[in-house]
Amino acid sequence: MAENKGVMVCGEIIEGKLAPITLEMLGGTRALADTLGEEVSLVLMGSGIGNLASEAIAFGADKVYVVDDPLLADYQTDSYLPVMEKVVRQAAPNILLLGQTAIGRDLAPKLAFRLDTAVAMDCIELSIDPESKLMLGTRPVYGGNARGVYACETRPQMATVRAKAMEPRERDDSGKGEVISIESGLDPSMIRTKIVDKVKEEIVGIKLEDAEVVICGGRGIGSPEAFKDLEALAKLLGGAVGATRPPCDDGWVPSSLQIGLTGKIISPTLYIGVALSGSSQHLAGCTGAKNIIAINKDAEANIFREAQFGVVGDYKKVLPAFAEKLKELLSG
Amino acid sequence: MPNMIVCVKQIADPEAPPGSFRVDEAAKKVLPASGVSQVVSPFDEQAVEAALRIKDAHGGKITVISLGKDFVGDVIKKPLAMGADEMVLLEDAAFEGADSRSTAYALAMAIKKVGEYEVIFCGRQAADWDAGQVGSGIAEFLGIPSVTVAKNVELVDGKVRVERVVTDGYEVVDVSPPVLITVSNELGEPRYPKLKGIMSAKTKPVATWTAQDISADASQLGAAGARAKLLKLFVPVKEAKCEIIEGENPEDAGANLALKLREIKLI
Ligand SMILES: Cc1cc2nc3c(=O)[nH]c(=O)nc-3n(C[C@H](O)[C@H](O)[C@H](O)COP(=O)(O)OP(=O)(O)OC[C@H]3O[C@@H](n4cnc5c(N)ncnc54)[C@H](O)[C@@H]3O)c2cc1C
Ligand SMILES: Nc1ncnc2c1ncn2[C@@H]1O[C@H](COP(=O)(O)O)[C@@H](O)[C@H]1O
């Protein structure tokens, strides 16, 4: 399959803009493409999206495939899958990357099976093996307890990339690139699912994924009311509140606050974990945090194996005094 | 009265203490840790729960399928004790060395042999390798639509109505059966088997099928059908260096923590 060339990124669009994960992949794949001496291309699917192609070029795409069709306004497996299949068969990329997002999680495995190749899901690192020239995808397995390095010999070599695993590059409006329009080839009868409603959870304040400070509460917080104290602390530090899975499962906080393997991936400057044990599945979502602080009454809790600083004690006693002192320091 | 199929995988308890986790790097295998029990992968239990809720409301039949080896009877039969009707175990050396693709192929072939189905449920991902591919693969091999990461599934006017979790909310999706749905933890706690269920599980039909029983093409199975290659498996090294902030009492330690954060200019 020597004819397959190029690193292709499947783009995502959020509210009319290129999604952060797409910019990250455009930035991060450059090194892969350069090692192979190949181009970076981006696929954009949506409705009324032509103007985004130049954005993509400014952020590093050499080529942009645009598929513009009202049937692509919302993501549905049955519309995006045949379109991606068509684009990939036409462009024959060597490598194909999608984001580990609601879309990529759904689309990537189906596309891989249809193209009779393999995909490594949720990669945190991608590189090129110097000898075989194959792409190596490193992904957390066993709830983050271990890492697996995967490759495949079929083409395209596919991976989904975890949020924040790559860095976007600086915008460069002098960059040149080619824009190629492709017909979707869709007709409505191909789409077997119908979206009848979309329910959005309102986010007040800073988005968890974007926050520089995250105060995360665990099962030991004990009640929805007690989460209010965490909110006050987050506000004081200009940050956001997150949670482990149990407070979400118990309905103390919305499930959109869940951090971890199956929740949000965060990389704040400061993460304070309160009354949580530090399970591997939770920590899988915060490995990008620059400073981890833990408050837990159990000195043996796993979170102390990950934290830089910790306090062993009942959070109900530790936290108010901590917040009080912070207030004093921040106003002084 | 829908016919439903649920695919469940037996794995080592994913919530075992992280400190007990070891791998054999040379063999690229996870070493069994002492005292860690086998369980039905948690999202798969939720998939069973999703099917049972439909059965509670509309009746129907639930067949559970699992591919693996060294099945522990009491563990793998938990779905029957919860209320599922029949079980098929796929056990054959030909299935070994599978990746997501060859696992999905074998399960799809078994589902074809089971025959009639309106809804197939899988977990969003198996809590060992965390791939999240097999459900989509089964749908692809069977040529049926799929909806992934569901938090609620109902039958409404002959259609399957799925609430699919997306970033910051969910979508409500309608689809006509047959359909494959992958289930997430937002669905809620799976039910505990009752004593009566545990007793009746002992008499429910459990079949064991080999590759031949499901008329599988050997070149698509196990290692032969795999496309993904695991080159390396390792446990990332951690430099344990947590500094415990002390104090006269917990309040004092809390205040000292704030001072520490100021000292290192984090705040
Ligand atoms: C496949 C899979 C995916 C998962 N995905 C996620 C995920 O994305 N995110 C996630 O978070 N979890 C996830 N989980 C669940 C995860 O394994 C753990 O069960 C969960 O993270 C535990 O949450 P916790 O630390 O809050 O609770 P626990 O483990 O129960 O810990 C509570 C801690 O609070 C401490 N504590 C109690 N009271 C106090 C007090 N008054 N003061 C101080 N400390 C106190 C206790 O000492 C204890 O350490 C997943 C599990 C599986 C199997
Ligand atoms: N060996 C297996 N036997 C039965 N079902 C499986 C098996 N492997 C995966 N599945 C199903 O597919 C889902 C996703 O698995 P995976 O793609 O391996 O993460 C699981 O939650 C199960 O429902």
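Which helix of chain B does B:Ala81 lie in? I looked it up in this predicted model. B:Ala81 sits in helix 3 of chain B, residues 78–82.

**Entry 1: B:Ala81**

Then I listed its contacts, leaving aside neighbours within four places in sequence. B:Ala81 is in contact with B:Pro193, B:Lys194, B:Gly197, B:Ile198 and B:Ala201. I also checked a distance to B:Gly123, 42 residues apart from B:Ala81 along the chain. The two C-alpha atoms are separated by 18 Å.

**Entry 2: a patch on chain B**

B:Ile198 came up again here. With B:Leu195 and B:Met199, B:Ile198 forms a nonpolar patch on the surface. Together the three have about 310 Å² of accessible area. I placed B:Leu195 in helix 6 of chain B, residues 195–201. B:Leu195 has 64% relative accessibility. Exposed means over 50%, so B:Leu195 counts as exposed.

**Entry 3: A:Val66**

I moved to chain A. A:Val66 is in strand 5, residues 63–68. At 6% relative accessibility, A:Val66 is buried. Beyond four places in sequence, A:Val66 has contacts that include A:Leu44, A:Ile49 and A:Ala53. A:Val179, A:Ile180, A:Ser181 and A:Ile182 are also among them. A:Leu52 is 14 residues apart from A:Val66 along the chain, and their C-alpha atoms are separated by 9.1 Å.

**Entry 4: A:Ser184**

Where is A:Ser184? I found A:Ser184 in the loop between strand 12 (178–181) and strand 13 (193–200) of chain A. A:Ser184 is buried, at 8% relative accessible area. Its side chain makes a polar contact with the side chain of A:Asp69, at 2.5 Å. A polar atom of the A:Ser184 side chain also lies 3.0 Å from the backbone nitrogen of A:Leu186. Not counting residues up to four places away in sequence, A:Ser184 touches A:Val67, A:Asp69, A:Leu72, A:Val83 and A:Lys86.

**Entry 5: helix 8 of chain A**

I checked the length of this helix, residues 315–331. At 1.5 Å a residue, its 17 residues should span 24 Å. The end C-alpha atoms are 23 Å apart, which agrees. A:Asp314 caps the N-terminal end: a side-chain oxygen lies 2.9 Å from the backbone nitrogen of A:Lys316.

Which residues of helix 8 are buried? Among them I noted A:Tyr315, A:Val318, A:Phe322, A:Lys325 and A:Leu329. What covers the buried residues includes helix 5 and strands 16, 17 and 18 of chain A. Helix 8 (250–263) of chain B is also part of the cover.

Key:
Residues numbered from 1 in each chain as written. Chains lettered and ligands numbered in written order. Predicted model: local features only at pLDDT ≥ 70, side-chain atom pairs only at ≥ 80, totals over all residues. Heavy atoms only, no water. Helix = DSSP H or I, 4+ residues; strand = E, 2+ residues; numbered from the N terminus. Expected span 1.5 Å × (residues − 1). Buried < 20%, exposed > 50% of the residue type's maximum accessible area, 1.4 Å probe, protein only. Contact = heavy atoms within 4.5 Å. Polar contact = N/O pair within 3.5 Å; in protein donor to acceptor, adjacent residues only side chain to side chain. Patch = residues over 30% accessible without salt bridge, like charges linked within 9 Å, V, L, I, M, F, W, Y side chains within 5 Å. Areas by Shrake-Rupley, 256 points an atom, 1.4 Å probe, with all protein chains shown as cover. Salt bridge = Lys/Arg side-chain N within 4 Å of Asp/Glu carboxyl O.
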